[in-house]
Amino acid sequence: MDEGVRVTDRWVVPGAELRERFSRSSGPGGQGVNTADSRVELSFDLAGSPSIPPALRARALDRLAGRLVDGVLTIAASEHRAQLANREAARERLAALLREAVAPPPPPRRPTRPSRAAKERRLAEKKRRAQRKRDRRVDGE
């Protein structure tokens with residue numbers, strides 16, 4: 001499983017840049033849980049990777065700053081009982097995280113004002129709601 005991880009149409013992280021560590025998964029699983037190293041930690045050196053374009057690297061480093069340790073992004077997967085399934089899950093999660101991190105920023109919001117009719121509708125609804133609550137009251141309370 002040395003193939004790379006396809007992040008976008010034009011960007012594939014080569015398998016040589018990924019590091020996998022295996023350990024015992026926690027939780028239930030019967031006798032196999034004590035012997036099978038099914039948990040996967042997938043690490044990718046985002047800061048030192050030659051496969052990512054510099055502009056995308058800067059954006060990804062900025063957006064993933066809270067998840068990086070010395071420029072390395074680590075994903076852990078232990079939801080499946082099989083190591084192979086956890087390896088696939090970790091790779092998919094890495095691709096999704098990187099895809100989201102390098103996505104272009106959304107266009108800036110242009111501030112708008114509510115129209116006169118919208119203001120009038122809001123105030124009319126507010127008056128109706130207040131009247132409804134007044135009608136529910138019992139005198140003396």
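With which side chain does the side chain of E41 make a polar contact? I shall come to the answer after a few words on the model.

Good morning. This is a predicted model, in which local features need pLDDT of at least 70 and side-chain atom pairs count only at pLDDT 80 or more, while totals for chains, interfaces and linings use all residues. Residues are numbered from 1 along each chain as its sequence is written, and side-chain values use heavy atoms, with hydrogens and water left out.

To the opening question: the partner is the side chain of R39, at 2.8 Å. A polar contact is a pair of N or O atoms within 3.5 Å; within protein, one must be able to donate a hydrogen and the other to accept it, and residues adjacent in sequence count only if both atoms are side-chain atoms. E41 lies in strand β4; helices (H or I, at least four residues) and strands (E, at least two) are DSSP runs, numbered from the N terminus. Is E41 buried or exposed? At 18% relative accessibility, E41 counts as buried, a word that means under 20% relative accessible area, with exposed over 50% and partly exposed in between (1.4 Å probe, protein chains only).

Let us turn to the sheet. Four strands form an open sheet in the order β3-β4-β6-β5, with antiparallel pairing; two strands pair if DSSP finds at least two bridges between them. β3 and β5 (68-69) each have a single partner strand, so one side of each is left without a neighbour in the sheet. Helix α2 packs on the sheet and touches β3, β4 and β6; contact means heavy atoms within 4.5 Å. The direction of α2 makes about 140° with that of β6; axes are lines fitted to C-alpha atoms, for helices over the stretch in contact, and angles run from 0 to 180 degrees between N-to-C directions.

Finally, the core. A nonpolar core is a set of buried Ala, Val, Leu, Ile, Met, Phe, Trp, Tyr and Cys residues joined through side-chain atoms within 4.5 Å. The largest one has 24 residues, and those touching the most other members are W11, V13, F44, L46, L64, L94 and L98. Which element supplies the largest share of this core? It is α2, with 8 residues. Leaving aside neighbours within four places in sequence, L98 is in contact with V7, W11, V13, F44, L46, L64 and L73. The buried residues of α2 include N86 and R87 as well as L94 and L98.
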